[in-house]
Amino acid sequence: MSRPELTGLPSDFYNAKESSSYAKSSRMQHIQDEITSRAIELLQLPDDHPSYILDIGCGTGMSGAVLEREGHFWLGVDVSRGMLDEVDAGDESDDETSTQSNKKPKGGGGDLLEHDMGTGLPFQPQTFDSAISISALQWLCYSNSADQNPKQRLLRFFSSLYLVLKRTGRAVLQFYPETGEQAVLISECASRVGFAGGVVVDYPNSTKAKKHYLVLGFDRGQTTAKVPAALGTEQTTKTGAGGRKTGISVVGGNNEKKSFSKKKQGSGKNKTKVSERASLEEDEHTSHY
Ligand SMILES: C[S@@+](CC[C@H](N)C(=O)[O-])C[C@H]1O[C@@H](n2cnc3c(N)ncnc32)[C@H](O)[C@@H]1O
């Protein structure tokens, strides 16, 4: 399967037919469940009260269902009407007449908004305790028209995310970069708007299980140090950016050269480093979604 992002707009790819088959797929449910559970772990939420969480690219509510299971409240944003319709349909079919095969995940307990995250998140400042995004962020790295600039869209998205989160909160965004350059671009844009944090790469040596989690917070002195260790690696938590206390670092990964430097991609020296990283990412799989 080629990458869905190469086919055009997400709202066209996730049309009614695709959304319906996505919602019924037990394989998708399993994958989204697993990734969302890991994202919640990385959020390091307080365990004495529920949190109010923004789910960006909430799709059919599979990630929302995990948030609910963990006792949290959520609001989902997605650009696909077809996917959002399945959240409602899932709720309706989840009654006593539903058989195991047509039963869709719950997850309909969250409020929903049809919206393109690349135009910014339309909420009041500090509305949410934390945010997650599962398998959606990489869509912003692609342009579908002459006036769509990935970097501008990423900056608009991250600056609005910065505003709508409480200062005690975090955001964990799992994404599938096609290349190392995409991972660098995403990390640099997050850092540029003021976020601290790091990229946790779980199972860096496995083509199938490898996952990228961008873990963002506000305290540049603290968040990097608190980013948990990656799974599937002997490495303990460390900053990939040479121990700097600012910017975006890498935890895990199979080569420390993958540190996502804050330097501008335009500088000749850094350009070389970026392409070195790109070759390290070539084994990224796309068959997960
Ligand atoms: C692989 S699905 C994941 C869905 C969700 N996490 C779940 O548990 O069902 C990726 C989702 O990202 C959404 N998406 C892609 N680009 C988006 C954008 N620019 N703004 C909002 N949502 C977007 C898609 O519509 C799709 O529903």
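Residues are numbered from 1 along each chain as its sequence is written. Because the model is predicted, local features need pLDDT of at least 70 and side-chain atom pairs count only at pLDDT 80 or more, while totals for chains, interfaces and linings use all residues.

The protein chain has 9 helices and 8 strands. Helices (H or I, at least four residues) and strands (E, at least two) are DSSP runs, numbered from the N terminus. Of its 289 residues, 44% count as buried. A residue is buried if 20 or more other C-beta atoms lie within 10 Å of its own, exposed if 12 or fewer, and partly exposed in between; C-beta atoms are placed from the backbone. Two residues are in contact if their C-beta atoms, placed from the backbone, lie within 7 Å. Among contacts with a separation of 6 or more, 69% join residues 24 or more positions apart.

The shell around the ligand holds 22 residues. Gly57, Gly59, Met62, Ala136 and Trp139 come nearest. Two elements, α4 (62-69) and β2 (73-78), each give two or more residues to this shell. By class, the shell has 12 nonpolar, 8 polar and 2 charged residues. Ala, Val, Leu, Ile, Met, Phe, Trp, Tyr, Cys and Pro count as nonpolar, Asp, Glu, Lys and Arg as charged, and the others, Gly among them, as polar.

Helix α4 is mostly covered, with 6 of its 8 residues buried. The buried residues are Met62, Ser63, Gly64, Ala65, Val66 and Leu67. They pack against α3, β1, β2 and β4. Just after α4, Gly71 takes a positive phi of about 90 degrees.

The C-alpha atoms of Tyr52 and Gly71 are separated by 9.9 Å, and the two residues are 19 residues apart along the chain. Tyr52 is partly exposed, with 16 other C-beta atoms within 10 Å. Not counting residues up to four places away in sequence, Tyr52 touches Phe73, Phe128 and Asp129.

Helices α6 (residues 150-164) and α7 (residues 180-192) form a pair whose axes come within 9 Å and cross at roughly 45 degrees. Axes are lines fitted to C-alpha atoms, for helices over the stretch in contact, and angles run from 0 to 180 degrees between N-to-C directions. The two helices are therefore oblique to each other. Angles under 35 degrees count as roughly parallel, over 145 as roughly antiparallel, 65 to 115 as roughly perpendicular and the rest as oblique. From α6, the contact is made by Lys151, Leu154, Leu155 and Phe158. From α7, Leu185, Ile186, Cys189, Ala190 and Arg192 take part. By class, this contact has 7 nonpolar, no polar and 2 charged residues.

Most residues other than glycine have a negative phi. Gln44, in the loop between α3 (26-43) and β1 (52-56), has a positive phi of about 50 degrees. Gln44 is partly exposed, with 15 other C-beta atoms within 10 Å. Gln126, in the loop between β3 (111-114) and β4 (130-134), has a positive phi of about 55 degrees. Gln126 is partly exposed, with 13 other C-beta atoms within 10 Å.

Key:
Near = placed C-beta within 6 Å.
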